[in-house]
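Please keep the sequence and the structure in view while reading.

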Amino acid sequence: MDSSPAHRAPQPLPLADLSLGAAALAGLLLITTRIATVSSPTTILAVALYAGFALTVVAGLGLSGCRFGPADRVTLVRAVLVLFLASLAGTPVLLQTLAWPYALLCLLALIMDGADGYVARRTGTASPFGASFDMELDAFFILVLCVALMVLGKAGPWVLVIGLMRYGFVMAGMLWTWLNEPLPESFRRKTICVWQLITLMVALLPPVPDWFAHATLIMALVLLAASFALDIRYLYRHSTTRS
């Protein structure tokens, strides 16, 4: 029997899971209205972000031919939380009013990172889609934290470079296709990713002074730039070797 992607039976779409995710996001927004005023732009942003996220999940599953498994459901829970945090980051007054709850929810999202990998290993349901799903969510979460720090005035617009570097790399891959080649597993890359999240998380905490936040964020930016430089050098050397 031919098991190639072209002849693989289409997997059912996770409509029930995505619907529950939408309900959970709506519930978070409703709870927030009990604490502070949630403006219409915040709600619209949350809806737009979730709609884009759901379409991305459906497209990713269709292209990969993978099934939406238990580990992906764990990632979905974290994604709902990250999208909720992203919608709040677009409203400076709301973000400042909820500075401590916001920081604690960011910490929860950080703690949840890695839980999906654990579930995938325990259930034997690891997949290329799941790995990409988790990685892209991490990249988006880093960008959300950068935006929140800028909105709160803890860092200038330069902090967005940390969150946008991954997307700049992806866009560069559209011009130089050798950047799209797979990279080997790297402890250095994983460590620096976790370091970015922890540094951004600590800088977001209300008691952390601006000078300390700036110092650690600059260090995080330097480490991230160095990591990308090493990966680009690796990909370039292997592209010239093959040619």
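The model shown here is predicted. Val 202 is found in helix H9.

Val 202 belongs to a nonpolar patch on the surface, together with Val 194, Ile 198, Trp 211 and Phe 212. The accessible area of these residues is about 460 Å² together. The elements that give two or more residues to this patch are helix H9, which covers 187–204, and helix H10, which covers 210–242. Which element gives the most to the nonpolar patch? Helix H9 does, with three residues.

## Aromatic pairs

A pair of aromatic rings is described by two values, the distance of the centres and the angle of the planes. Eight aromatic pairs are present in the structure. One of them is formed by Phe 68 and Phe 133, which are 6.4 Å apart from centre to centre, with 45° between the planes; this pair is tilted. Phe 68 lies in the loop between helix H2 (40–64) and helix H3 (70–89), whereas Phe 133 lies in helix H7 (residues 128–151), so the pair ties together parts that are 65 residues apart in sequence. Both Phe 68 and Phe 133 are buried.

Phe 133 also pairs with Phe 129: the ring centres are 5.4 Å apart and the planes stand at 35°, so this pair is tilted. Phe 129 and Phe 133 are four residues apart in helix H7 and are therefore separated by about one helical turn. Both of these residues are buried. Phe 68, Phe 129 and Phe 133 form one aromatic cluster with Tyr 50 and Phe 53.

## Salt bridges around Arg 78

Side chains of opposite charge can pair when their charged atoms come close. A search of the whole structure finds nine salt bridges. In one of them, the side chains of Arg 78 and Asp 116 meet at 3.7 Å, taken from N to O. Arg 78 lies in helix H3 and Asp 116 in helix H6 (residues 115–123), so this pair ties together parts that are 38 residues apart in sequence. Are these two residues buried or exposed? Arg 78 is buried, because its relative accessible area of 1% is under 20%. Asp 116 is buried as well, with a relative accessible area of 5%.

Arg 78 forms a further salt bridge with Asp 134, in which the closest N and O atoms are 2.5 Å apart. This pair links distant parts of the chain, with Asp 134 in helix H7 and Arg 78 in helix H3, 56 residues apart. Both Asp 134 and Arg 78 are buried. Arg 78, Asp 116 and Asp 134 are linked with Asp 113 and Asp 138 in a network of salt bridges.

Asp 231 is in helix H10 and Arg 189 is in helix H9, 42 residues apart, and the pair links distant parts of the chain. Asp 231 counts as buried at 7% relative accessibility, whereas Arg 189 counts as partly exposed at 26%. Helices H9 and H10 are also the elements that give two or more residues to the nonpolar patch.

Conventions: Residues are numbered from 1 along each chain as its sequence is written. This is a predicted model: local features need pLDDT of at least 70, side-chain atom pairs count only at pLDDT 80 or more; totals for chains, interfaces and linings use all residues. Side-chain values use heavy atoms; hydrogens and water are left out. Patches are made of residues with over 30% relative accessible area and no salt bridge: like charges are joined within 9 Å, nonpolar side chains (Val, Leu, Ile, Met, Phe, Trp, Tyr) within 5 Å. Accessible areas come from the Shrake-Rupley method with a 1.4 Å probe; for residues, only the protein chains shown count as cover. A salt bridge is a side-chain nitrogen of Lys or Arg within 4 Å of a carboxyl oxygen of Asp or Glu. Rings of Phe, Tyr and Trp (its six-membered ring) pair if their centres lie within 6.5 Å; planes under 30 degrees apart count as stacked, over 60 as edge-to-face and the rest as tilted. Buried means under 20% relative accessible area, exposed over 50%, partly exposed in between (1.4 Å probe, protein chains only).
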